[in-house]
Amino acid sequence: MDRLDNTIRPYAWGSTTAIPRLLGTEPTGEPQAEMWMGAHAGAPSRTGRGTLVELIDAAPEKELGPESVARFGPRLPFLLKLLAAGSPLSLQVHPDLAQAQAGYADEERRGVPVTAPHRNYRDANHKPELVCALTEFDGLCGFRDPLRAAALLDGLGVDSLKPYVDLLHAQPEEAALREVLTAVLTADPEEMARTVAETAAACDRLGGDYAPYAGIAHHYPGDPGVIAAMLLNHVRLQPGEALFLGAGVPHAYLDGLAVEIMANSDNVLRCGLTPKHVDVPELLRIVRFESRDPGVLRPEAGPDGEEVYETPIDEFRLSRYVLPASGAVHDLTLPTPQILLCTAGSVRAGEHELTPGTSVFVPAGEKAEVAGTGTLFRATVIA
């Protein structure tokens, strides 16, 4: 197995302290938002044999196993991350696989440069995600029931929100959510900025259920995404709890440290809370306008102490081992590729001593024995 040297991405929303605290390093004063573990072309993990991209390109079946290559092609189909949000990320959705393939083909046909800021589809893959909290972790996930969203907006006492309240009361669910999100994102920018300012002041004054939206408005003054965010469920994960974000589900991460795993894709359509491009017509085509429970996941016990976060897709499988101080050896050998990430304590994986924030890549079929006292996340695929 190969110890990984991973890139930390300095996105502006990142915490300046959470990842350094986990790694036991000094903060630099700059945001450290995500640490990437995998073979994403933008920041592949490095090993003593070269980057993970180079290793896989040179011998895909040896590194990934024939089952994974047959199912997903000669590439690692997932990207594992440490994600440290110090301020809200953009409100966003991801396409399903058919939408991603069609959208990518269309933009290629029209000659839209893949690096263009207005490009929606950077690749032809979908991007389901699973985020698992390491600390308390705040996020938004899926639409509220329209009547609950109407009550939240109405409680602010902001006159310019009343048309949205009326729409949420008057329409069937799908039409209500679609019409309100469309109205919010296409409103006159100056009028919307005034509405957001009044909304932010009311959220500050009322606190309680409104406190998360006051914080969002502080980071994104005047952004229509502040109002769009109030249509969504607010959820606070406790350590070890997780959320699965499927296609078409609007979501945003607000604050906290987590392990995140996703299909290896860059396809994001934004709804707000961002200075980046928002393609409203394409967004409205992708969003699933249905209310839903956020669906907080807790791991299910498996054999040999493995705790599995069950999801409905095959590009990734995330599980956790909380290893006691018994000295027992756990055999994690699989016919599929694995990344093992330590998040607490000290875990020996083969010849590597893993401390919080360190990780190894285990090629398919390679012996993978671990022991120690701590927490180990295992990322693999279902081939």
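1. Helices (H or I, at least four residues) and strands (E, at least two) are DSSP runs, numbered from the N terminus. A pocket, on a 1 Å grid over the protein atoms alone, is an open set of points with protein on both sides within 12 Å along at least five of seven lines, and its lining residues have an atom within 4 Å of a point.

2. This is a predicted model, in which local features need pLDDT of at least 70, side-chain atom pairs count only at pLDDT 80 or more, and totals for chains, interfaces and linings use all residues. Residues are numbered from 1 along each chain as its sequence is written, and side-chain values use heavy atoms, with hydrogens and water left out.

3. The largest pocket has 40 lining residues, and Tyr 11, Trp 13, Val 268, Arg 270 and Lys 276 are those nearest its centre. Strand β12 contributes the most to this lining, five residues. At least two residues each come from β3 (34-38), β6 (78-85), β12 (251-263) and β13 (269-272).

4. A cavity is a set of grid points where a 1.4 Å probe fits but cannot get out. Around the largest cavity lie Leu 91, Phe 143, Leu 181, Ala 228, Leu 231, Leu 232, Pro 250 and Cys 271.

5. Contact means heavy atoms within 4.5 Å. Beyond its neighbours within four places in sequence, Leu 140 is in contact with residues including Leu 91, Leu 232 and Pro 250.
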